[in-house]
Amino acid sequence: MSRNEKLDCLKKLQVILQKKFVLEDKINSIPADLKAEEAQLRSAQEKYQNLSDFFDSLQSEQKSLAIKYDDAFNKRIEYEKQMEFINTQREFEALTKQLEEARISEQSFLKMRNSKTAELEKVKTDLEAEKVELDALEERVREEKGKVDSEISSINEEIATLDAECDSIKAGVIPEDLYEKFSNIVKKKDGFGIVPVYGQVCTGCDLILPVQFVIDLELKTEKGEIEYCPYCSRIIYKETLDDDVERSYTFEQLESQKSESKSSSQDESASGESDNYDESMGMDEEFEDF
């Protein structure tokens, strides 16, 4: 293995992983419209079921009223027949009262039965209309789901191809634990898990690294060893530029951070607080050539 083969592999893997994670994000976003239609379908199914349950209850009530009406009708007919066989005024008055009550009951049940029948017919019409809409919506969801499944299947095939490329690149060079860690960094750091250091600046987070850290990093880069940025956790390597370019790059970042620190100190002073320039990165305020 050449001294930079591991870093070269990581750079190649980064390009492939960027494509892979874009595809995975696409898979997550594809079903959005389908989920909305499925939610609409569930709502329509619930509405249809409630209406169907209501229709069933109306049917039960209508049947019950029909039976009661038939009973009242038969009772009236029976009382009318009995009128032919009465012998006394007392029997006549008693039977007349029963007959009148039977007629009233009959008319009452007839009215309720007819009203319930009319309501039942209306709900039946509404239920049939709802069923037509529900069937159409179910068909749309089936078609959309078929398209989504097909598209996701196609994307998964692309991802499988990219995974195979990654396996081929890292074989014998990148340990599995390093690959998993690197994949997570790429995913969490907007597609960039390995970045160069220009001068004393990590190009992943634009923060200035300590001088000794950069010196050690340059040696590790020459040996193909792995190092991580202490600030953004990306894998970093020293990329040597022209001396003037390196000095200029680091000086610009240093001046930018000084300006931000000065602005922050002024804001804190205005509120009664004070703070000094942050030297936690382990370097002098002036650019140190090496």
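Trainee: Which ring does the charged end of K11 sit over?
Mentor: The charged end of K11 lies over the ring of Y237, 4.2 Å from the ring centre. The term requires NZ of Lys or CZ of Arg within 6 Å of the ring centre and within 35 degrees of the ring normal.
Trainee: And where does the charged end of K170 sit?
Mentor: Over the ring of Y179, with 4.8 Å to the centre. This is a predicted model, where local features need pLDDT of at least 70 and side-chain atom pairs count only at pLDDT 80 or more, while totals for chains, interfaces and linings use all residues. Residues are numbered from 1 along each chain as its sequence is written, and side-chain values use heavy atoms, with hydrogens and water left out.
Trainee: How many aromatic pairs does a search of the whole structure find?
Mentor: One. Y69 and F73 make up that pair, at 6.3 Å centre to centre with 35° between the planes, which is tilted. Rings of Phe, Tyr and Trp (its six-membered ring) pair with centres within 6.5 Å; planes under 30 degrees apart are stacked, over 60 edge-to-face, the rest tilted.
Trainee: How far along helix 2 are Y69 and F73 from each other?
Mentor: Four residues, so about one helical turn of helix 2 (residues 32-82) separates Y69 and F73. Helices are DSSP runs of H or I, at least four residues, numbered from the N terminus.
Trainee: Is Y69 buried or exposed?
Mentor: Y69 is buried, at 13% relative accessibility, whereas F73 is partly exposed at 31%. Buried is under 20% relative accessible area, exposed over 50%, partly exposed in between (1.4 Å probe, protein chains only).
Trainee: Moving on, which helix is Y79 found in?
Mentor: Y79 is in helix 2, and with 15% relative accessibility Y79 counts as buried.
Trainee: What is Y79 in contact with, leaving aside neighbours within four places in sequence?
Mentor: L95, Q98, L99 and A102; contact means heavy atoms within 4.5 Å. L95 is 16 residues from Y79 along the chain, and their C-alpha atoms are 6.9 Å apart.
Trainee: At what angle do the axes of helix 2 and helix 3 cross?
Mentor: Roughly 160°, with the axes of helix 2 and helix 3 (residues 89-170) coming within 6 Å. Helix 2 is therefore roughly antiparallel to helix 3. Axes are lines fitted to C-alpha atoms, for helices over the stretch in contact, with angles from 0 to 180 degrees between N-to-C directions; under 35 degrees is roughly parallel, over 145 roughly antiparallel, 65 to 115 roughly perpendicular and the rest oblique.
Trainee: Last one: which residues does Q14 touch, not counting those up to four places away in sequence?
Mentor: F182, V186, G191, F192, G193 and I194. Q14 lies in helix 1 (residues 5-29) and is buried, at 9% relative accessibility.

Key: Helix = DSSP H or I, 4+ residues; strand = E, 2+ residues; numbered from the N terminus.
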